[in-house]
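The sequence and structure follow.

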Amino acid sequence: MKVAIMIGMCYTFQFVVMPYHRIGKKYLYWTSLAGLLLLTFLLQISLIKLVIIDLPASATKTNFEFGTLALSNISSFILLFSTFLAFYYFVDIYDQQKEIKQLEHYKTQKIALESSFLKTQINPHFLFNTLNNIYALSLKKSEQTKVIIERLESLLHYMLYECKADLVPLANEFKFTESYISLEKLRHKEDRCSIDVRITGDPQHHMIAPLLLVNFLENAFKHGTKSSFGKSWIAMDIVIKANSMHFKLQNSKPFEAVGQAIIEYKGGIGLKNVKRRLEILYPRRHTLKLTNAKDRFEVDLFINF
């Protein structure tokens, strides 16, 4: 009889009382829990008393008053209910942990897919800009067109075959950026644009997300060398330490860009993508500062490996 009553109480607790706790209605939860316990206990004692009245032993001197029965059964009732409650909460916590792990797994998958999508957007963006450069030189019937196509082939090989991993050797990424700068140097005369590159430290034994720096370079060449007003310049300074890298890139601003809104000057899809990739790949391990000064645009990036 006790078992049947406890089973009924357990089902009532799970499907009637517990939902109040899950939806945050604490007052209703505790009120209904107290009511369920009291009702179950009173029902149990009442049924026991009704059964005992019909027993021959009821004629003896044993005290079968309601209060006496309640006191004699309350300890076993509390023990049984406490055991059930502890077991139920253990199962509930276990299920919640499984849901949390599943949500974390989905979140990790979403971030990985988003990062992969952003990386695939970089390739067409870079290719589009480079093809524009080749087209401009072909219109001039420049002899450098063939050289640029050969350089582009090596760059595309790196982008298509060596950048599939989440991380690539830092030295390889520097080779890629150097090749890109060489490609741009073919397009810009030295007397019209000076390009200064300084790398301090050893890039060996460090890994970095692929195609992370080229977007900044694209933006620098796009905005810093397009004007015919005076000589333009680009300066890239990289300092590599044991567990970090400091990347600083500056470019001159065309005269017509002076006073231009910083949001407009920060670039289009390229810089937006790289900022989002940094947030995904280096959360709380990077700082990025973009400065739109009167005479220059500056990128200051610090990454902890």
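A residue counts as buried when its relative accessible area is under 20%, and as exposed when that area is over 50%. The model discussed here is predicted.

## Loop residues with positive phi

Leu211 is not a glycine, yet its phi is positive, at about 60 degrees. Leu211 sits in the loop that runs between strand E3 (207–208) and helix H6 (214–224). With a relative accessible area of 1%, Leu211 is buried.

Arg284, also not a glycine, has a positive phi of about 60 degrees. Its loop lies between helix H8 (269–281) and strand E6 (286–292). Arg284 has a relative accessible area of 82% and is therefore exposed.

## Length of helix H4

Helix H4 covers residues 144–162, which makes 19 residues. At 1.5 Å a residue, H4 should span 27 Å, and the C-alpha atoms at its ends are 26 Å apart, so the two values agree.

Which residues of H4 are buried? They are Thr145, Ile148, Leu152, Leu155, Tyr158 and Met159. Viewed down the axis of H4, these buried residues fall within an arc of 135 degrees, so they line one face of the helix. An α-helix has 3.6 residues a turn, so residues three or four places apart point the same way.

The face of H4 turned away from the buried side carries exposed residues: Lys146, Glu153 and Tyr161.

Key
Residues numbered from 1 in each chain as written. Predicted model: local features only at pLDDT ≥ 70, side-chain atom pairs only at ≥ 80, totals over all residues. Heavy atoms only, no water. Helix = DSSP H or I, 4+ residues; strand = E, 2+ residues; numbered from the N terminus. Expected span 1.5 Å × (residues − 1). Buried < 20%, exposed > 50% of the residue type's maximum accessible area, 1.4 Å probe, protein only. Arc of directions from axis to C-beta.
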